[in-house]
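Here are my notes for you, point by point. Have a look at the model first, then read on.

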Amino acid sequence: MKLGDRHVHSRFSCDCRTPERDVLDAAVKKGLKEICITDHCDIDMGPDWYLPVEEYVTSWEKLKKEYEDRIDVHIGVEMGLNPEYNDKIDEYLASYPFEVVIGSVHTMQGDDLYFRKHYDYDDREYYRIYFETVLERLKNSKGFTVFGHMDYVVRYGYEKGASYEPELYAEHIDEILKEIISRDIALELNTGGLRKGVDFVHPHAYIMGRYKELGGKYLSTGSDAHFADHVGAGLGEAAKLMRSFGFDAGSVKPL
Ligand SMILES: [Zn+2]
Ligand SMILES: [Zn+2]
């Protein structure tokens, strides 16, 4: 199963320095046939995280043409979901016909999860609050075609996967998956956690199993690369996970 990489960052994300050509040259070298650039737009994390749409699109459209004989380049965005900022989010999404819009939850209780300022909670409580936050944000957000790294929070757990038992959050997980399924949104298989000390491709196999049982059909795959070396990383693992739950290449919608 030859999968594309539909979650890749470049210098337009404030946490990434990789020039556009380095991303594409790495993808071609790895033999990828399809890539979708999905730079960050996280309105709730402040202006540093706003995507400069015009400059971004101008640059990527030019490269899309230049590389068309070597690889299919698509232009998307990773939008941080937060209903408090829906007006601004809508404005961004209306400004360009992004081919993939990954909706992600990177913050909770006003903080970027990356910095784990939630000292008062042990991992189990921290993960529980995350799933509650995800459900609330999903229900009140729209405009995205893929739901990104569903159990992303585990990357920032003190004990990461060792303290993660997804069954403890079964009720919220089911609600989240039902929301995704009823809206024909694709669930993302994100291999980024493998490079952050998480020993599985997001989402955990338990969640994949529930997705299948509840009738989930659509998937999207991505490395979440912030460095050229990571473009296409882990897609073989993602393919294995897909196959083990009876999904095939047809589960990934063509762009
Ligand atoms: Zn993300
Ligand atoms: Zn990302």
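1. Start with strand 8 (residues 186-190): 5 of its 5 residues are buried, so the strand is largely enclosed by the rest of the structure. Buried means that 20 or more other C-beta atoms, placed from the backbone, lie within 10 Å of a residue's own. Strands (E, at least two residues) and helices (H or I, at least four) are DSSP runs, numbered from the N terminus.

2. A word on the source: this is a predicted model, where local features need pLDDT of at least 70, side-chain atom pairs count only at pLDDT 80 or more, and totals for chains, interfaces and linings use all residues. Residues are numbered from 1 along each chain as its sequence is written, while chains are lettered from A and ligands numbered from 1 in the order in which they are written.

3. Which way do the residues of strand 8 point? Ala186, Glu188 and Asn190 go one way, Leu187 and Leu189 the other. In a regular strand, side chains alternate between the two faces of the sheet.

4. Now the neighbours. Strand 7 (residues 146-147) runs parallel to strand 8, joined by 2 bridges (strands pair if DSSP finds at least two bridges between them). Opposite Phe147 you'll find Leu187.

5. On to strand 9 (residues 219-222), which is also parallel to strand 8, with 4 bridges joining them. Leu187 has Leu219 as its bridge partner there.

6. Zooming out, the protein has 7 helices and 9 strands. Of its 255 residues, 44% count as buried.

Methods. A residue is buried if 20 or more other C-beta atoms lie within 10 Å of its own, exposed if 12 or fewer, and partly exposed in between; C-beta atoms are placed from the backbone.
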